[in-house]
Amino acid sequence: MKYSLLIALLLVGSLCSMATERTVLVGPKTIGRGWQDNIVLETRHFAAAKAGDVLTVYVDRVRPSAQMAMQRPSTWSGITAAYSAMPVTNPMRMTITDEMLPVLREEGLRLGGHDYRICSVSLTDAEDYRETIVWKGPSVTMADNWSVSAELMGSCFRDLQEGDGIVLHVSHVRDGAKAKLSDITWNPICRAADGMDVAGEGVTLYLTDIEPLIHIGLGGTGTNTALRIGGTGYRLNKVGIVRCTAEPDMDLSTAQRAPKEYRLRPGELYRGEKTFASDWSDNLRITAQHLQDMTINDVIIFRYDLVPEAPKNEISIRRTETWGDIGAGSEPQFLPLDGTDYVMTMDSVTLDHIKTRGFIVTAAGITLRRILLVSTSSN
Amino acid sequence: MKMNLLSVMLVAMLAVGCSPEQPTEPVNPPTEDTTKVEYALVNPNATAETRRVFSILVDNYGRKTLSGTMARVDWNTDEAEYVYRWTGQYPALNCFDFINIAASRDVNPNGWLDYSDISPVENWWKAGGLVSCMWHWQVRANNGTNLTCTPGTEPTETSFNADCLDDTQSADYKQLVKDIDQVAGYLKQLQQAGIPVIWRPLHEGAGNSTQYQGGGAWFWWGAKGSLAYVRLWRFMYDRLVKHHGLNNLIWVWNSQLGDEAWYPGDDVVDIVGRDNYYALSYPLAKEYKQLAASWPNKIITLAECGNGDEVEMSPYTKIWQQGSRWSWFMPWYDHSYQKGSDDHMYAGKQWWLDAQQSGVVLFREDLPSANR
């Protein structure tokens, strides 16, 4: 009995100490065309984060030209230069740095880009990523003309596995620094390795499929060159291989949920739940795609809920390029809303603009539910 | 009461309409009749094959649209093959790009392609396709290593001076002539093979300088403004036509809208083109009509098209219905296209099937034999 209790305690203890990958967002969240969609990871997820922790974004439905951005929510710029626009592989990872922590804790992280879907996002402790340094220099300074590279032998990558990351430890990084990881025949080991942005103290390339392993494997596992690390605007000091040992945590009780996704029905230009803050910081872009057959007799109807206790409830429809008012006047119109549908009628100037370039919805103190294109001529 | 009033109005309208004193007007105004305009090549010495190709464009202008594809980057017909796989037909036209002449093996032993091997073009022509060529004219970047078209002062941009024609001793002038002469060599090979070229150099010269406050040229050949651009165009025309005796070129100039000051002149332009990457039916129709009004004696074409990030290109059926009458269309290539896929960044299988079924789009086999 005593032994059983001891074993049980040991088992519980070992389970408690088991490294886990904590899910912070449950999708799906579609990041569609044109940099229009995004989702902000809440600050609470990063309250206990520390430098070295790894954020992992699992994705699917990736189109060939898809890009992901990991942005500072207030400025919409990459949280560091390296994360402003990246080709999308599954999964995408970001190693949190000291530079990022204040932003993550105060603002969270905006995930955007185009042409992919987020399935989930997780955080893993730094301790669960074990790095082995496989190359210690001497340091190589990358020339402006991309003519310099460090050559790493195949023996460095003997234990390399799919899912591992190749970590470039760098210094003397200049604006516009890029890294290129090529195989023995000078071909990039994967698309993401062909001009990676380099910033801060390092950059990690995760090997998310077999392709880069095959390229590196061309050099064998001996003393032949297997990987050439080149680029421009930085100094390469060390190279490591990092591997995650954490298991997924199945408890989703604290995870953030992506908003429900809706499929547009005929006549709908928008369907969902978009809340516009009172400071006019939110907007929604409607392209001209579904407005091509519109006539001057048609109307666009905005259906919404008022945000309780919002200081004002207003809407303003703008031009896409200049952000001027959608009508003929140059000054933006701020139209008060009372909870009933807002019906936008057409004049020739408005119609021409929205059929040519679409329009932008800005608003304050409402949650937009639907935008409908109603053709009066067909009634 | 409403009915009574309506009846009275109807009778009154009919009475007015039937009055013999009223001038008679056609019920429908005549549609644009492009056959009334006499389109002519600017080069009086154009080869017979070139005149035949031009006549194909003229004969179909306003009635049908020729389909086109862009080479995947430079010197191939890869995109035309995708269209064939999707539709069972090849597009009528394929465009090649002299973007990588610095890497052509006839001038660079380490090069990865060979423009002096004209077989990709010749095979296409012999199979009945029309040939177009353009030139993303790359020059040395400020860092002395890269090649680029992008003007600017950054290391990877270029300060190459498009306004160097008066300084014949300058390095830029010498490079400019050297590059034109290199391309002339390839075009001459095509001429010797009897292949006319729908030639679209110095494209998008004005960039967006005429569209937005603070806009500018995005290629070095437009960076010095309209005057320098027009001079450069005319210099190239003289160099290719008069100096090199190239009579197989049909000259296409790209308009960026509102850029009449950038037009090189009626005597050196055969066709006016437009590149549009927000290719929806309504804006395209607007642009077509604007260009046709500005250059009524020139054929108007959709030299490049596609969708930006935000929208999908309209089906060609819609584009035609909305009133566009482009001479040809040419979706841009998809660099990240995955072999065997029906999906394409700009114009995938569904788009091409719609074009094929529209009844107004011509494919290679629909063309009269221009090359035989």
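**View 1. A β-α-β unit in chain B.** Strand E2(B), helix H4 (residues 119-126) of chain B and strand E3(B) together form a right-handed β-α-β unit. As in every view here, the model is a predicted one. E2(B) covers residues 93-97 and runs parallel to E3(B), with five bridges joining the two strands. To find your place along this pair, look for Cys95(B), which sits opposite Ser132(B) of E3(B).

**View 2. Strand E3(B) and its buried residues.** E3(B) spans residues 130-134 and is mostly covered, with five of its five residues buried. Which residues point which way? Leu130(B), Ser132(B) and Met134(B) point to one side of E3(B), while Val131(B) and Cys133(B) point to the other, and all are buried.

**View 3. E3(B) meets strand E6(B).** E3(B) also pairs with E6(B), residues 197-200, through three bridges, and these strands run parallel. A handy landmark here is Met134(B), whose bridge partner in E6(B) is Arg200(B).

**View 4. Two helices from two chains.** Now we move to helix H4 (residues 348-357) of chain A and helix H7 (residues 281-294) of chain B, whose axes come within 7 Å and cross at roughly 110°. Angles of 65 to 115 degrees count as roughly perpendicular, so that description applies to H4(A) and H7(B). Which residues meet here? From H4(A) come Asp352(A), Lys355(A) and Thr356(A), and they meet Tyr282(B), Pro283(B) and Lys286(B) of H7(B). Sorted by class, this contact between H4(A) and H7(B) has three charged, two nonpolar and one polar residue.

Terms used: Residues numbered from 1 in each chain as written. Chains lettered and ligands numbered in written order. Predicted model: local features only at pLDDT ≥ 70, side-chain atom pairs only at ≥ 80, totals over all residues. Heavy atoms only, no water. Buried < 20%, exposed > 50% of the residue type's maximum accessible area, 1.4 Å probe, protein only. Helix = DSSP H or I, 4+ residues; strand = E, 2+ residues; numbered from the N terminus. Pairing = 2+ DSSP bridges. Right-handed = clockwise from strand over helix to strand, strands pointing away. Axes fitted to C-alpha atoms, helices over the stretch in contact; angles between N-to-C directions. Parallel < 35°, antiparallel > 145°, perpendicular 65-115°, else oblique. Contact = heavy atoms within 4.5 Å. Nonpolar A, V, L, I, M, F, W, Y, C, P; charged D, E, K, R; others polar.
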